[in-house]
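Subject: The structure to look at

Hi,

Here is the structure I promised to pass on. Have a look at it first, then read my notes below.

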Amino acid sequence: MRMYLAGEWVSSESEVVIENPYSGEVVDTVPAAVGEEVERALAAAVQGAAAMGRLSGWDRGEILRRAADLFEERIEELARLLSLEEGKPLVESRVEAGRCPQLLRLSAFEGTQVRGETLPLDAAPNTVGKLGLTLRVPCGVVVAITPFNYPLLLVLHKVGPALAAGNAVILKPAGTTPLVALKLTEILLEAGLPELALQCVTGSGSTIGPQLCADRRVRKISFTGSADVGEEIARVAGVKKLSLELGSNSPLIVLPDADVEQVADATVISGYSNAGQACISTQRILAGRGIYGDLLDALAEKVGAIPTGDPFDERTRLSAMISEREAERVASWVDEAVAGGARVVTGGERDGAVYAPTVVADVDPAMRISCNELFGPAVAVTPVAGIEEALALANDSEYGLSAGIFTRDVAVALRFAREAETGNVHINGAPMWRADLMPYGGFKRSGVGKEGPRYAVEEMTELKMVVFH
């Protein structure tokens, strides 16, 4: 496939080969953009921002609503392409693709709900006869840099609100999963988006990312990815608005009054969906000693029964990670934990890029599998004496994106909600849960800013003060 910039589908001197992580087969190739092509995209985006600024909120919404209708007709096609390039099970890809039309419609709505306010300027000295009001206006050029793990949904969480708010977007999809982003670009153009309002530039983020992020024509950067890359973007960006959704190692507290079966069922979904490659995937369980053994037994049974294999087999619920190298890394972290005194309850095997769904018990919180971001299909379980120790361990992290607790004690649940140092808190639910309309973002090294269409539209607009004298 070709990339889209300056109103054209173009190739480049070099290409990136996109392979299926499960089979290793070549799916397609895309251009590897270089500096000259990035400059074309930047110049075109400036013109695109002017074109978007001339459209009414209604017109922008109509484009996104038409795109939603077109998307709905192609969900199966897009889901299959998603599984081909990322390797996730087709049943999961259908869920991801199926959320996108509503996300587009929600973005269209929120783009028409941007409001200002009047200010009581006469409350200040010498302001009689003055009228003050605020307006929200588009940022202009937005750079959206997206990850591999949800290459449709997380692209739309940036592109949808940005366009709804009246911006032009330069989209840089993940180097390993650009194909569905290019298909989405086709759909938006078919829906009537001005031809310069969206550029989709493919290639290496380390090669073209610094040029995009440092350019002064860019007013807003929205990035989802690792904390290290997010910090580098912050260093090179200069004076810009930033939304950074970065890493996590989400904790789940399980107290002795919890329902063990409910916890195990929730963990199967929240710890192993997308092969654990989610920022809010349950990574560490802090379980009360009174429930610890029963919980491990339930996890061993249910996690051990997760069907693995070919992503296009309708029975498969866990397939390849994004690469064999990543699966090898997860295996090395598990082996390191076992060498340090932990034990594998179920799983622990690797076949190419497929790492078996794994539960590791008796984990020291200082082990990498617990304190760093694993981003793979293994959950670390640590026994705790009670809520005091559990809260202390849950908060003893450089990250703070999502956390959950299972308990029947309302007072304890409320305390957890107040004291957990995370942007998302789940009571009697696991950390990996997200509704597309909710504010989504983290504390500490997990990033800054919020996603969710209403909140992203605000992040992608500027507040302007107007005074009538």
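This is a predicted model: local features need pLDDT of at least 70, side-chain atom pairs count only at pLDDT 80 or more; totals for chains, interfaces and linings use all residues.

Gly 132 stands opposite Val 467 in β24. Together with β5 they make an open sheet of three strands, in the order β5-β6-β24 with antiparallel pairing. Its edge strands, β5 (118–119) and β24 (461–468), each pair on one side only. Two strands count as paired if DSSP finds at least two bridges between them.

Residues are numbered from 1 along each chain as its sequence is written, and side-chain values use heavy atoms, with hydrogens and water left out.

Next, helix α14 (residues 410–419). Its buried residues (under 20% relative accessible area, 1.4 Å probe, protein chains only) are Val 412, Ala 413 and Phe 416. They sit on the same side of α14 because they cover an arc of only 100° around the axis, judged by the directions from the helix axis to the C-beta atoms. Val 410, Ala 411 and Arg 418, on the other side of α14, are exposed, meaning over 50%. Among the elements that cover the buried residues are β12 (251–254), α13 (387–395), β20 (402–406) and β21 (424–427), with contact meaning heavy atoms within 4.5 Å.

Now the pockets. On a 1 Å grid over the protein atoms alone, a pocket is an open set of points where a 1.4 Å probe fits, with protein on both sides within 12 Å along at least five of seven lines; lining residues have an atom within 4 Å of a point. Volume is the space filled by probe spheres set on the points, which are joined across faces, edges and corners.

The largest pocket has a volume of about 1,100 Å³. It is lined by 36 residues, and Phe 148, Phe 223, Gly 225, Ser 226 and Val 229 are the closest to its centre. Helix α8 gives the most to this lining, six residues.

The second largest pocket holds about 650 Å³ of space. Of its 24 lining residues, Glu 92, Tyr 150, Ile 269, Ser 273 and Met 432 lie nearest the centre. Here α4 has the largest share, with five residues.

Cheers

Terms used
Helices (H or I, at least four residues) and strands (E, at least two) are DSSP runs, numbered from the N terminus.
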